[in-house]
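Me: Could you go through this one with me? I'd like to start with the helices and then turn to the charged side chains.
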Amino acid sequence: MAHVATARTKARKRALDLLFAAEARGLSAGDLLDQQIREGQVPNNPFTVKLVRGVVAESERIDALISAFAKDWSLARMPAVDRNVLRLGVWELLDGDVASEVAISEATALVTELSTDDSPSFVNGVLAAVAKDLAKA
């Protein structure tokens, strides 16, 4: 089944682009977003802003959850795309605005398109473990 690119899917991709670019430049994603907004490059979808601001606000908790469930993989060792897709996915799991299955599916689709052959199963597994842990809480 082909993945249909909805407005939210495109917003997630744009948020990933921002997170990835900020990390590559050694900037805070929030600062890069603010800079782009000041320069008139406001994301088309407010969901992009919500995602980036959410990941920034919860970054310590998000990274701790990823580290806890990414067996044998430190954040530093992960491909940058995978690391940032996981951050988006975990934030969506924490936010609870979409069903866990949707957050996991969307994250998996992003890495399927943009990362390594091993990334989809890795991202899916980490997010599924985080979702299961959050459901117990």
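Reply: Before anything else, a helix here is a DSSP run of H or I with at least four residues, numbered from the N terminus. The model is a predicted one, and in it Asp82 has its place in helix H5, which covers residues 80-95.

Me: What does Asp82 touch, then?
Reply: Leaving aside residues up to four places away in sequence, Asp82 touches Val111, Ser115, Ser119, Phe122 and Val123. With Ser119 there is also a polar contact between the side chains, at 2.7 Å.

Me: Ser119 belongs to H7, so which residues of H7 are buried?
Reply: The buried residues of H7 are Ser119, Pro120, Phe122, Val123, Val126, Leu127, Val130 and Ala131. They lie on the same side of H7, because the arc they cover around the axis is only 165°.

Me: What do they pack against, and what is on the face turned away?
Reply: The buried residues of H7 pack against helix H4 (59-69), H5 and helix H6 (100-114), while the face turned away from the buried side carries the exposed residues Ser121, Lys132, Ala135 and Lys136.

Me: How many residues does H7 have, and how far does it reach?
Reply: Helix H7 has 18 residues (119-136) and reaches 26 Å from its first C-alpha to its last, which is close to the 26 Å expected at 1.5 Å a residue.

Me: Switching to salt bridges: how many does the structure hold?
Reply: The structure holds 10 salt bridges. One of them joins Glu106 and Arg12, whose closest N and O atoms are 3.4 Å apart; this pair links helix H6 to helix H1 across 94 residues of the chain.

Me: Are Glu106 and Arg12 buried or exposed?
Reply: Both Glu106 and Arg12 are buried.

Me: And what about Asp34, which partner does it have?
Reply: Asp34 meets Arg53 in a salt bridge of 2.7 Å, N to O, and the pair links helix H2 (residues 29-38) with helix H3 (residues 46-57). Asp34 counts as partly exposed because its relative accessible area is 29%, and Arg53 is partly exposed at 35%.

Conventions. Residues are numbered from 1 along each chain as its sequence is written. This is a predicted model: local features need pLDDT of at least 70, side-chain atom pairs count only at pLDDT 80 or more; totals for chains, interfaces and linings use all residues. Side-chain values use heavy atoms; hydrogens and water are left out. Helices (H or I, at least four residues) and strands (E, at least two) are DSSP runs, numbered from the N terminus. A polar contact is a pair of N or O atoms within 3.5 Å; within protein, one must be able to donate a hydrogen and the other to accept it, and residues adjacent in sequence count only if both atoms are side-chain atoms. Contact means heavy atoms within 4.5 Å. The expected span of a helix is 1.5 Å times one less than its number of residues. Buried means under 20% relative accessible area, exposed over 50%, partly exposed in between (1.4 Å probe, protein chains only). The arc is that of the directions from the helix axis to the C-beta atoms. A salt bridge is a side-chain nitrogen of Lys or Arg within 4 Å of a carboxyl oxygen of Asp or Glu.
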